[in-house]
Amino acid sequence: MKVLKVITRDIRFPTSKENLGTDAVHVDCDYSAAYVTIETDDKNLSGVGLTFTIGKGNDLCCNSIDYFKEFIEGKEIEDIEKNISTIWEKVTNHSQLRWVGPQKGVTHIAAAAFFNAIWDLISKYHKKPLWQYIIDLDTNDLIDKLSFTYLDDVLTKKEAADIINENKKKLPGDTSTLNSTIFPAYTTAVGWLGYSDDKMTRLAKENLDKGWTHFKMKVGQDIERDIHRCKLIRSIIGKDKKLMVDSNQVWSVNETIENIGKLKQFDIMFYEEPTNPDDILGFKKIKDAHPDVKLATGEMIQNKVMFKQFIENKSLDYCQIDSCRIASINEIIPVLLMASKFNIPVIPHAGGIGLCEYVQHLNLINKFIITNNDLTLSEYAESCSEHFENPAIIKSGGYVTPTSPGYSVKIKESSLEEFDFNNGKYWN
Ligand SMILES: [Mg+2]
């Protein structure tokens with residue numbers, strides 16, 4: 001079976017109308033997907049993948065993906081599966097394109113979409129949900145498919161294989177029996193920064209009734225308003241539920257140290273992205289100033305080498321891997337392995353279109369064959385789920401295990417037609 005062609009589409013949903021996704025630095029998010037379809041010579045088999053953006057620039061991702069098509073068009077699926085790590089290096093270390101990266105920014109999130117589509121295709125080819133395809137792979141075969149470049153000072157392939165093999169001892173013979181797992185999650189739905197007090201109050205009550213026990217809210221507007229909002233949410237959810245805050249990079253290191261001092265009274269489980277996402281040493285300074293608080297980051301950590309430094313330096317307490325920021329399974333699993341080695345819990349980022357659908361697979365891969373940490377938690381930020389053929393399903397505050405073959409982000413044809421930015425009905 002062969003890949004015939006790769007098609008990219010610029011899909012944008014007008015979510016800025018409802019203030020969805022608003023935070024301290026992103027005030028008008030139109031949730032968007034650079035959407036990739038890999039067509040094969042079997043009309044019943046195609047791979048789909050996406051990277052998430054918030055509007056303008058989605059076209060740049062689509063343009064970048066167009067440069068990668070040549071590496072798989074005309075190739076047999078089995079050859080692509082066998083050589084996926086070589087293809088990954090060709091894309092992410094392209095001798096000309098790397099100048100506008102390398103392994104960061106537009107070209108890298110475009111690579112995420114491209115490889116997300118390839119992993120979707122491969123797992124569908126094997127008729128398994130992605131998480132199950134990965135955990136069923138022979139360990140050495142899996143290691144060969146990943147990228148460990150620049151990591152050997154912190155994690156060798158041998159250590160990686162040992163971590164996986166040790167975890168695999170706990171697996172049942174038939175991994176399809178694992179499909180009854182509910183993976184615990186927290187909700188981000190109640191406290192987007194653009195929401196009024198009334199809307200937050202209503203949503204907090206509704207989500208409490210739905211069984212949620214962990215709540216995240218946005219802060220970073222002005223600290224008095226942040227304190228007011230924390231007080232409001234705490235008054236509704238009570239003392240026994242968990243509350244996290246996310247200031248989306250808006251504070252300096254010194255401002256963070258000062259503001260954490262003011263927000264501590266609300267018993268915050270973690271402070272997410274308090275300052276610039278590249279500031280590995282700055283995060284450490286914040287932790288040194290407040291040894292009793294936990295920091296979370298990762299949605300804008302741009303590649304595995306940055307993660308390596310955050311993890312080894314203990315600049316983060318919770319690793320928030322993002323399925324569309326770094327370049328898919330090839331790069332994500334090595335990060336999960338480094339987190340496991342240093343016993344850091346992974347709580348994937350999922351605030352964006354398709355991200356909940358993706359992280360449900362990453363959570364299971366991490367839980368079943370990688371992590372050595374006991375904490376199981378993931379973000380759930382329902383967004384645009386009505387546009388997916390098989391959206392992530394939540395029950396009792398957790399993800400229901402996906403069982404359909406693939407990596408779960410197929411968007412309905414009717415939604416693609418309506419919201420295609422170039423020729424969809426909505427935008428014209
Ligand atoms: Mg965040």
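User: What makes H13 a mostly covered helix, and how many of its residues are buried?

Analyst: This is a predicted model. A residue is called buried if 20 or more other C-beta atoms lie within 10 Å of its own. In H13, 12 of 13 residues are buried, so the helix is mostly covered. Among them are Ile329, Pro334, Leu337 and Ser340.

User: How do you know what span to expect for H13, and what does the helix reach?

Analyst: The expected span is 1.5 Å times one less than the number of residues. H13 covers residues 329-341 and has 13 residues. Its first and last C-alpha atoms are 18 Å apart, close to the 18 Å expected.

User: Which domains does the chain have, and where do they lie?

Analyst: The domain assignment gives domain 1 (3-129) and domain 2 (175-414). Taken over C-alpha atoms, their centres are separated by 23 Å.

User: How do you know that residues of domain 1 are in contact with residues of domain 2, and how many are there?

Analyst: Contact means C-beta atoms within 7 Å. By that test, 38 residues of domain 1 are in contact with 38 residues of domain 2. On the domain 1 side, E2 (32-40), E3 (46-53), H3 (84-92) and H4 (105-125) each supply at least two residues. H4 gives the most, with 11 residues.

User: How many nonpolar, polar and charged residues does the side of domain 1 that touches domain 2 have?

Analyst: There are 20 nonpolar, 12 polar and six charged residues on that side.

User: Why do E1 and E3 stand at the edges of the sheet?

Analyst: The order is E1-E2-E3 in an open sheet of three strands, with antiparallel pairing. E1 (3-12) and E3 each have a single partner strand, so one side of each is left without a neighbour in the sheet. The twist from one strand to the next averages 15°.

User: What makes E1 and E2 a pair, and over how many bridges?

Analyst: Two strands pair if there are at least two bridges between them. E1 and E2 have nine bridges, so they count as paired, in the antiparallel sense. Within this pairing, Arg9 has Tyr35 of E2 as its bridge partner. Strands of a sheet pair through backbone hydrogen bonds, either parallel or antiparallel.

User: Which strands does H4 lie across, and at what angle does it run to E3?

Analyst: H4 lies across E2 and E3. The helix runs at about 150° to E3.

Note on methods
Residues numbered from 1 in each chain as written. Predicted model: local features only at pLDDT ≥ 70, side-chain atom pairs only at ≥ 80, totals over all residues. Helix = DSSP H or I, 4+ residues; strand = E, 2+ residues; numbered from the N terminus. Domains from an automatic or database assignment. Contact = placed C-beta atoms within 7 Å. Nonpolar A, V, L, I, M, F, W, Y, C, P; charged D, E, K, R; others polar. Axes fitted to C-alpha atoms, helices over the stretch in contact; angles between N-to-C directions.
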